[in-house]
Amino acid sequence: MSRGRGSILARLIFLGPGLIMLTLLAVVPMLLMLSTMFFQRGRFGGVIYEFTTANFSRLFQPLYLNVIQDSLVVAGVVTVLALLIGYPTAYAIALLPSKWKTIALLAVMLPFWTNFLIRMYAWTILLSGPGLVNETLTGIGLIDQPLELLYNRGTVVVGLLYGYLSLMILPIYSAVERLDPRLREASANLGASPVRTFFSVTLPLTLPSALIGAVLVFVPSFGNFVVPEILGGGKAIMIGNLIRDQFLKARDWPFGATIALVMILVTVVLLLAQAVVSRRTRSA
Amino acid sequence: MTLLSIEGVSRKFGNVTALSDVSIDIQQGEFFALLGPSGCGKTTLLRILAGFETPDQGGARLDGVDLLKLAPHKRPINLMFQSYALFPHMTVAKNIAYGLERENLPRAEIKARVGEVLEKVGLDAMANRRPAQLSGGQQQRVALARAIVKRPRLLLLDEPLSALDKKVRAEMQLELKRLQNEVGITFVVVTHDQEEAMSLADRIAVMDQGKVEQVDAPVTLYERPRTYFVADFIGANNLFTGAIRGGVFSADGLGPLPSKATTADAPAALAIRPERVRLTEPTPGMVQGVVVDVSFYGGVSHIAVEVRGLGRKVLAATQGSARITPGTVVGVTWRPEDAVLIAN
């Protein structure tokens, strides 16, 4: 008993600083902010502390439901594309000789060390009317007129994919890397073709890490408001833009908090799903 | 009948020669061991047979079929990995069924054969556990069951017992032998443990530095080693280097030793087992030494004798307790027919 209590004390001491900081600087402010969703907006901004459920009914207006749905679709498409591109990339890197492995990993992480905004503005230059992509395409005679590549939903998807792809590659890479090569050999030895081995051994054992990558890509894509602003030109609005506008432009904190709750709930549900799946896959 | 013939297989990794012109024939139904120190190439040979490595030269035929032309997953050979390599995300039953499912057998047959083999290795109660929930000995049985359930022509075992503690290992040795008799599959086991090889195998290939030194039955290997390495590696031995001249073996720095030399004049080595060495009253012309250590092991005693002019001590073994004390001057001798002469 005393030993158990001692270890709880030790844990508290180690966790203490982090817990205090999280509670004071994240949990408390967030709860304060979320609590405003039960109240009314003041005429000139601010909050009038009179109970109402109007914010919730407003949320279910088609206008807002559409934005939420669009955000889910965009983030979902980005995540699926990141998985389809990221998994083979990570798998190939993990099988490279160790010297090339380092170089390839560096190449994956390098863009991450450049400011996110600058990278997104770089895309506007690349994709603009007289930009590199259009110049090249007209140059080789594939098109006569520059294409309208910017300011649509597809551009937003490309930008988010580019921005967060490495968050998909890195966890999958480390999972493939950690996988005992003897398991693949054992599978072959028992008569499984390379394709069968991939789907029966490699994929199930790296799936938890792929799901971590999926959550890491989905969550920031879902709530993003920078990319829709810069690459979507404000036309392809997402839930992040909506929240930002409620807080900063409409000065409607109660409704802003209500939409933010939707985002937090979606994130929590995803994290729970990921935890359940990885617990089931892991050898219990 | 020869089941597997390995013909002149060589393999290099960079500058390191893992295998150099290895040829071995393995008989149908045999329990065969590849024995040697670590790095002797035995595991590389196993991996070539399983298809995870390809030789630079040479070939391997199983039932007359060229093995090297078959992809790893098409070879009628199963391998039990040293680390077991059980699939951590599958239950014991699923692990064992995996190989049968690849043959597209009917479900009922797979279920029956998995049940049968689980019973054979004594793990019926563990069918729905995950590998991580089993002890080392149980995991080893699952690995064995997974390998034999496919009824391969040839079963390869890579250091099958090395991860087990001593008591479990002795048990599993008996069990392996029993299983091999029962299922009638040809076993090739790779090991660095000579006791394991000696007790399990019908025949042993002793390997060193990528070469096969000698292939023989355990008793022959022990009594008639053909190379210096085998004489030194298998069991305790007293080795003297020297030369045969005029039908007599003379050790460097010691002079003539009892032996039945028949070969022509040549450099040679003489090997004599400790249990064949006799310690007597010293007489002139006999090898003499001083007893430096006597250790009693219950059934036998080991006596170490320091002989002047010889780098290592001569070891003698006697039944029961030795009535000799350290410091005694003794004559060291043996019957000429007990000595084994090895060409150098």
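Two strands are taken to pair if DSSP finds at least two bridges between them; helices (H or I, at least four residues) and strands (E, at least two) are DSSP runs, numbered from the N terminus. Residues are numbered from 1 along each chain as its sequence is written, and chains are lettered from A and ligands numbered from 1 in the order in which they are written. The model is predicted, so that local features need pLDDT of at least 70 and side-chain atom pairs count only at pLDDT 80 or more, whereas totals for chains, interfaces and linings use all residues.

In chain B, strand β16 (residues 287–296) and strand β19 (residues 329–333) run antiparallel and are joined by four bridges. Val290(B) stands opposite Val329(B) of β19(B). Both strands belong to an open sheet of five strands with antiparallel pairing, in the order β15-β19-β16-β17-β18 (chain B). The edges of this sheet are β15 (278–280) and β18 (314–319) of chain B, each of which pairs on one side only. On average, neighbouring strands of the sheet are turned by 45° against each other, direction ignored (axes being lines fitted to C-alpha atoms).

An automatic or database domain assignment divides chain B into domain 1 (2–223) and domain 2 (236–343). The centres of domain 1 and domain 2 of chain B, taken over C-alpha atoms, are separated by 40 Å.

Chain A contains 12 helices and two strands. From the N terminus on, its elements follow the order α-β-β-α-α-α-α-α-α-α-α-α-α-α. The C-alpha trace of chain A spans about 80 × 70 × 30 Å along its principal axes. The radius of gyration of chain A, taken over C-alpha atoms, is 24 Å, while a compact globule of 284 residues would have one near 19 Å (by the rule of 2.2 Å times the number of residues to the power 0.38). Of the 284 residues of chain A, 29% count as buried (20 or more other C-beta atoms within 10 Å of the residue's own, with C-beta atoms placed from the backbone). Among contacts in chain A with a separation of 6 or more (C-beta atoms within 7 Å), 70% involve residues 24 or more positions apart.

The contact between the chains takes 18 residues from chain A and 20 residues from chain B. On the side of chain B that touches chain A, β6 (77–80) and α2 (92–101) of chain B each supply at least two residues. The residues of this side comprise 11 nonpolar (Ala, Val, Leu, Ile, Met, Phe, Trp, Tyr, Cys and Pro), four charged (Asp, Glu, Lys and Arg) and five polar (the others, Gly among them).

Methods. A residue is buried if 20 or more other C-beta atoms lie within 10 Å of its own, exposed if 12 or fewer, and partly exposed in between; C-beta atoms are placed from the backbone. Two residues are in contact if their C-beta atoms, placed from the backbone, lie within 7 Å. Axes are lines fitted to C-alpha atoms, for helices over the stretch in contact, and angles run from 0 to 180 degrees between N-to-C directions.
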